[in-house]
Amino acid sequence: MLRATIDADVFREAVDAVAALVSECRLHIDGGGMRTRAVDTANVAMVSLELAPDAFEVFEASERALGIDVTKLKNIVGTVNRGEKLMLSVPEGGQRLNLAFQSYQYSLTLLDPNTIRKDPNAPALELPGRVVLEGARLTNAIKAASVVSDKIALGIDPEARAFFMEAEGDTDNIRFALGSDEVESLSDVRARSLFSLDYLKDMAKAMSRASTVEIGIGIDHPVRFTFEIANGKGRVVYLLAPRIEAD
Amino acid sequence: MLRATIDADVFREAVDAVAALVSECRLHIDGGGMRTRAVDTANVAMVSLELAPDAFEVFEASERALGIDVTKLKNIVGTVNRGEKLMLSVPEGGQRLNLAFQSYQYSLTLLDPNTIRKDPNAPALELPGRVVLEGARLTNAIKAASVVSDKIALGIDPEARAFFMEAEGDTDNIRFALGSDEVESLSDVRARSLFSLDYLKDMAKAMSRASTVEIGIGIDHPVRFTFEIANGKGRVVYLLAPRIEAD
Amino acid sequence: MLRATIDADVFREAVDAVAALVSECRLHIDGGGMRTRAVDTANVAMVSLELAPDAFEVFEASERALGIDVTKLKNIVGTVNRGEKLMLSVPEGGQRLNLAFQSYQYSLTLLDPNTIRKDPNAPALELPGRVVLEGARLTNAIKAASVVSDKIALGIDPEARAFFMEAEGDTDNIRFALGSDEVESLSDVRARSLFSLDYLKDMAKAMSRASTVEIGIGIDHPVRFTFEIANGKGRVVYLLAPRIEAD
């Protein structure tokens, strides 16, 4: 059972963050809010979303896993005007997620959770490098790098006390460096890993609105991006596996 | 013979309303203004347009049917800036429609009216259901419905005293209901017919700017949308045949 | 050797003007600034660009020809935000053009100038007709003409004391005439030549921002467009060969 009311912009932000990586997910609801964790079809990237009950104006839920067609949900939520309230409901044992806003009543058939990939485990990751910076800066750098290449290295240079991004194309390269005075926080640990820009571009759209993004990096390790949504009442974590550096 | 001056925005609105359904039409001109009535190639939808002489700043015309390439006219009128005056002229017996604005002089060859489909008769329709509502609300509902389906039912529920639209997709559905207090006018007659969203989406673009649209509906009957253009000096009527409800 | 700082908008305008016609060029640098001259692959159109040293905030250069991938440079310069400063540098004998802005460091491999077509000679042209008009008016006329045709005649009618543009399609035509009071300057010489709109549309994008464009025309001769960029510290000249008028 679910009965919830939420600001449409907040919910759209949450749905868009998940839709950047996957087209279906299991949405877990219970008294503690909403949660989902899903990996993309290639097993390269993972998204984890949490929305606390106080991200909603009304939130009542009994424990259940809802099979969600994320693409459809994104399309429907995309038609709601800014500033509208969105009512979500699933009757006890019901097979449809009802969305109501203004005079509209959408009814979205739930997927059978058994047909959706099992929830991935959150890998235990030791990522000693830590950078906190503005979401828009990270997004701009990812966009600029994709002009010259399809992959990007993210790293920390402890001597220069700088967070850097480097992209090398066949003939051209770009380097973007932010000193410790240009980021909110930076740990003095050497780190560098290479990532596919395809995935980062999709993630960047969701991160561009975040006032700060926390980046966890290591040496040839995955990267973890953590940022808040829903005015701090929700949280998104992206994990992305490194690419092998080959020449 | 035609000699007319009109605000470019007003004429663009009129041309766009016709271009939503057909690519050619016979434009009838005489002392009473301009009129056209045309059906789409599949005979499913009809548009009827009237512009009274006082929709123009200058209007002189002797009776004639002009064969118009609507797509070309739409492209040309689309290049006129907002707020410009547009001068239309066809010399007595001339085979070209001249359009002048700013320092431009366009000359559009008229089509032979005999090569254009005969004017359709306006079918005699008994449509007891009548709803009057804001054009933007109707347009939004049509857009929302097309997320889940390619057809939509329009109807009146006299018990609930509501105008409703319902779209059912393979797995999802949407319902949009407006009570009698949310529309300008609503007749207490049961009505419900199913329509193709393809046509409605094209019509919706023209209707979105209308302050009110009058809808005439019956039970498994065509729908008729009537709205004013040119600040009330012109009128557009769309007719759309119903789809057969099949499962 | 090159070491220069320039407003990003100014440099973008210069690069876009060249990119409208060619994808590679030899950029000549020396104490007198930057210069390039290039013809398109079909040998139909030529662009010539000059940027004086005072178009830059800092400008130091020793004589050299740089082989530039114009398309890549355009993409990179396109990511710089408005109002940013852009630093350009090539070390003595270096094979890369370095671009730095904000915290970014781009490095663009130079092409071997020997692989780029030899600099074209500036043809000696006698173009007696001269018109000076607003860039935006010229651009709008080119855009409007492309609705009906793929070629346009530019000319001067000395009797009517007017600059005119005419485009004839299969069935329709457009004529745009500006009297001597509607242009900044107009010479009383009969002129008329026909040009491909494909090329003019590309040039028009660069000319649309120019407060004035000087047009040189003759009878069945090339047309020459000259306009300033970089607040008068730079100049672009486009030459376009005439098309043969055939029926």
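**Charges and burial**

C:Asp30 has a relative accessible area of 18%, so the residue counts as buried. The model is a predicted one.

Me: Which residue forms a salt bridge with C:Asp30?
Reply: The closest N and O atoms of the pair are 3.0 Å apart. The limit for a salt bridge is 4 Å.

Me: Is C:Arg12 buried or exposed?
Reply: C:Arg12 lies in helix α1 (residues 8-19) of chain C, as does C:Asp9, three residues apart from it. These two residues form a salt bridge, with the closest N and O atoms 2.6 Å apart. Buried means under 20% relative accessible area. C:Arg12 has 16%, so the answer is buried.

Me: How many residues apart are A:Arg235 and A:Glu50?
Reply: A:Arg235 and A:Glu50 form a salt bridge, the closest N and O atoms being 3.7 Å apart. The pair links distant parts of the chain, with A:Arg235 in strand β18 (residues 234-240) and A:Glu50 in strand β4 (residues 45-51) of chain A.

Me: Which backbone oxygen does the side chain of B:Ser193 reach?
Reply: B:Ser193 lies in strand β15 (residues 191-196) of chain B. Its relative accessible area is 0%, so B:Ser193 is buried. At 3.1 Å, its side chain reaches the backbone oxygen of B:Gly218.

Technical notes:
Residues are numbered from 1 along each chain as its sequence is written. Chains are lettered from A and ligands numbered from 1 in the order in which they are written. This is a predicted model: local features need pLDDT of at least 70, side-chain atom pairs count only at pLDDT 80 or more; totals for chains, interfaces and linings use all residues. Side-chain values use heavy atoms; hydrogens and water are left out. Helices (H or I, at least four residues) and strands (E, at least two) are DSSP runs, numbered from the N terminus. Buried means under 20% relative accessible area, exposed over 50%, partly exposed in between (1.4 Å probe, protein chains only). A polar contact is a pair of N or O atoms within 3.5 Å; within protein, one must be able to donate a hydrogen and the other to accept it, and residues adjacent in sequence count only if both atoms are side-chain atoms. A salt bridge is a side-chain nitrogen of Lys or Arg within 4 Å of a carboxyl oxygen of Asp or Glu.
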